Structure formats: C-alpha cells, structure tokens
Amino acid sequence: MHDIDTVTAATIEKAAERLAGVVTRTPLEPSARLSSRVDAQVWVKREDLQTVRSYKIRGAYNFIVQLDEPTRALGVVCASAGNHAQGVAYACRRLGADGRVYVPGTTPRQKRERIATLGGAHIEVIVVGETYEDAFAAANEDAQRTGATLVPAFDDVRTVAGQGTVALEVIEQLGFVPDVVVVPVGGGGLLAGVGSWLRERHPDVRVVGVEPAGAACMAAALSAGHPVRLPELDSFVDGAAVREAGAVTYPLIRESGAELTSVAEGAICTEMLAMYQSDGIIAEPAGALAAASLGSVVEVEPGQTVVVVVSGGNNDVSRYGEILERSLMHEGLKHYFLVGFPQEPGALRRFLEQVLGPEDDITRFEYVKRTNREMGPALVGIEIARSSDLPGLLARMDASPLQVERIEPGSPLFHFLL
C-alpha cells in the first residue's frame with residue numbers, strides 16, 4: 001500500500017514526479033484587476049484549467065497510482081458529486097483501474113455524464129440517496145463488502161501530498177518566492193499540502209486559507225482543538241462545503257502555521273461575476289473563494305507578491321441566476337418586501353409613484369394571497385442603483401399608508417418565500 005503516515009516536503013516532491021506528464025502544468029497568470037484592488041502584484045494559479053477543471057486530479061491520481069497490483073485489481077470506490085469524482089474517474093482511466101463512483105440523487109445529469117465520460121469503461125456511476133452522506137455511506141459499504149479501496153477526497157496523506165504539488169509549480173513558474181499564498185479550504189487537503197511544503201521549503205511565506213462563512217469547519221476544528229461536526233452547513237459553495245475537517249488535514253494545517261479566515265457566500269458570488277466579466281474566468285464558487293478574500297478579509301502590504309489559487313471551474317451555467325441574486329443582495333442592491341395593497345384601482349400605480357425612486361426597479365412582483373377582499377399582500381423584489389439609496393426607499397415606505405414588511409435575508413420567512 002504506502003509506507004508514509006504524514007506529509008512532508010519530500011513526499012510532496014515524490015508526488016510531483018508521479019504526476020509529471022499526467023496532470024496539466026496549469027498557468028500562473030498576473031491579475032491586473034486583483035493587483036489594483038490591493039495595490040500589490042497578484043498572480044492567479046489557474047487550476048480551473050486543469051485536466052478535469054480542478055486540482056482534485058492531483059490527489060486522486062497520487063493515491064490510486066500507489067496501490068499495489070493486487071489491491072488495485074479489487075477496484076476503487078469514492079463518493080462525490082463533483083470534482084473529486086472526476087479526478088478519480090480520470091485517474092482510473094489513465095491507470096487501467098476499475099472504479100465505482102457513488103453520487104447523490106441531487107447531482108445534475110451533466111455532472112454524472114461527465115464523470116462517466118472521463119472514466120470511460122473503467123467507471124460505473126451509481127446514484128444513491130439524496131445527500132453526500134448517503135453516497136459516502138454506500139461507497140463505504142461497497143468497500144467493506146468487495147475489498148475495493150475507498151479513495152478519500154481529502155483525508156489521506158497520499159491525497160494531501162498530491163494536492164500539495166500546486167505549491168511546487170507556483171514557485172517554479174514564478175521563479176522566486178512570493179510573500180503571500182491564498183488557498184481555498186473545504187476539507188483542507190489543498191491547504192494541508194501547500195502549507196506543509198511551504199513550511200519546510202520556504203517558511204517565510206505567509207499562507208492563508210479561506211473558507212466559506214457557512215461551512216467554516218477547519219476554523220471550528222482549530223478553535224476546539226480537534227475536528228468537530230458543524231451543526232449547520234450552507235452547501236452553496238459545494239466544492240468546499242464540508243461539515244467536518246479531516247483527521248489527517250486538521251493537524252497538518254495546525255502545524256503549518258497557516259492563517260484561516262472566511263468569506264460570505266454573497267461576496268464569493270460577486271467575485272465569480274467579476275472573474276467572468278472582467279477576466280474571462282469561469283470559476284465555480286470554491287474557485288473564487290481565495291480571490292474574494294483579497295482586500296476584504298485578507299489584507300496584504302503594498303507591493304507584495306501574492307498568489308491566489310483558483311481551485312476549479314466546474315460551474316453549472318444554470319446557477320448564474322442564483323449567483324447574481326446572492327451577489328446583489330450582498331452588495332445591498334436587492335431587497336424584498338411584503339407589501340399589503342388595498343384592493344382598489346390605482347394602488348399599484350401610487351406605490352410606483354410615491355415609494356419607488358427614479359432609479360429603483362421592481363424585479364419581482366407576485367401576490368401571495370388574494371382571498372381577502374380588502375387587502376392583497378404581495379411579494380415585491382426591488383433592485384436599487386446604489387446601496388446608499390436604501391434609507392430613502394425605507395423612509396418613503398414608512399411615510400406611505402401601505403403596510404410594508406421587509407424580509408430580512410436569513411430569516412425563516414426569507415427562506416420560505418425565496
């Protein structure tokens with residue numbers, strides 16, 4: 001099997017040798033937009049241009065290639081709805097190993113088809129349950145029943161060593177040592193690998209891990225002194241929405257000295273849109289995590305060299321409606337209200353004339369209930385031109401005779417109606 005029980009710079013360098021000619025040496029590009037935002041020299045490591053459009057192939061291949069022939073002959077299994085599954089599928093095809101990928105029923109058809117395409121005849125995609133936990137339980141049962149090897153998405157030294165090869169490439173491509181490296185964090189495989197290699201080879205580099213605010217499992221682990229299960233999880237940043245930090249990745253990150261911070265999901269959406277519109281980069285939510293942190297929660301000194309890892313680009317185009325919505329709300333430009341309209345002619349026109357400002361726009365209007373003869377409550381979505389326009393809009397609502405209730409993001413009513 002394998003004879004290492006921790007991750008060192010040497011094991012990561014060995015992994016890089018195994019991956020040579022298998023994974024894409026992804027571009028390291030200067031970003032004028034991010035550089036101007038923080039008055040520094042910002043480079044982006046484009047793992048969205050990797051063979052399977054994410055860095056996950058590095059860890060999956062490094063894991064599977066180290067299985068001896070009798071073990072590999074029994075096959076491999078994994079549970080994943082996205083990037084890890086694609087990495088496993090590609091690795092199986094390259095190595096001639098057979099594998100089974102368990103995905104939850106919520107996995108879009110195009111993702112299932114892409115996993116099958118990457119793996120070809122070597123991969124069987126099995127749909128089970130509705131959640132990742134259902135898929136993982138089925139994969140684990142398969143491994144115990146058949147003797148197949150479960151390939152962890154992040155929590156294994158071989159997986160971590162493979163992910164850590166990103167750091168080697170960055171230094172080789174840059175030609176010198178950067179001041180700061182910013183890495184997205186889900187289960188911690190990428191940060192554990194990058195942080196471990198830099199701690200040994202270039203200990204002066206500041207390493208920052210960035211989690212989604214609604215899935216900050218590694219920060220919770222560091223705070224508690226051991227991995228803990230998050231009671232609530234926002235699954236929007238699906239590539240980094242992990243409920244519990246890994247038993248392998250947690251101590252590696254703790255010992256690496258990496259900083260940890262988090263970014264609101266709405267800010268990630270704003271960054272995704274900026275990357276798409278300004279840079280021509282199609283990033284998935286996890287892929288925009290590190291870039292979203294710059295200049296907001298991660299401050300750097302003027303003139304420093306900063307490397308940001310864009311971890312993946314497997315974004316479903318159908319999600320852009322939700323991404324735009326979350327971005328507008330985070331920027332304070334989109335607001336929702338329940339408005340009680342009297343059931344009489346001209347009520348809506350008076351609302352438009354007396355309450356809405358000249359640059360305000362109604363983006364959603366639907367009656368919630370029309371059984372009352374005197375009053376008809378409507379759900380009204382309003383987009384304003386500037387966040388500073390909100391106090392004026394609220395003041396005009398207060399001054400009007402209409403019954404208006406603002407629906408606060410995160411409230412039970414918000415989740416019910418939207």
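A helix here is a DSSP run of H or I at least four residues long, numbered from the N terminus. With that settled, I looked up S327 and found it in helix α14. I'm working from a predicted model throughout.

**S327**
Is S327 buried or exposed? I get a relative accessible area of 6%, and since buried means under 20%, S327 counts as buried. Leaving out residues up to four places away in sequence, I see S327 touching G266, C269, T270 and L273.

**α12 against α14**
Those contacts sent me to the helix pair. I have α12 at residues 265-279 and α14 at residues 320-330, packing at an angle of about 115° with their axes 7 Å apart. I noted the crossing as left-handed. On the α12 side I listed E265, G266, A267, C269, T270, M272, L273 and Y276; they meet Y320, I323, L324, R326, S327 and H330 in α14. By type, I sorted the residues of this contact into eight nonpolar, four polar and two charged.

**Cores**
Next I checked the largest nonpolar core, which has 40 residues; V194, W197 and L198 touch the most other members. Which helix gives the most to this core? It's α8, with nine residues. Elements supplying at least two residues each include α1, α9 and β7.

**Domains**
Last, I wrote down the division of the chain: domain 1 (9-55 + 160-324), domain 2 (76-147) and domain 3 (332-417). I have the C-alpha centres of domain 2 and domain 3 at 46 Å apart.

Conventions
Residues are numbered from 1 along each chain as its sequence is written. This is a predicted model: local features need pLDDT of at least 70, side-chain atom pairs count only at pLDDT 80 or more; totals for chains, interfaces and linings use all residues. Side-chain values use heavy atoms; hydrogens and water are left out. Domain bounds come from an automatic or database domain assignment. Axes are lines fitted to C-alpha atoms, for helices over the stretch in contact, and angles run from 0 to 180 degrees between N-to-C directions. A crossing is left-handed if the near helix is turned anticlockwise from the far one by less than a right angle, and right-handed if clockwise. Contact means heavy atoms within 4.5 Å. Ala, Val, Leu, Ile, Met, Phe, Trp, Tyr, Cys and Pro count as nonpolar, Asp, Glu, Lys and Arg as charged, and the others, Gly among them, as polar. Buried means under 20% relative accessible area, exposed over 50%, partly exposed in between (1.4 Å probe, protein chains only). A nonpolar core is a set of buried Ala, Val, Leu, Ile, Met, Phe, Trp, Tyr and Cys residues joined through side-chain atoms within 4.5 Å.
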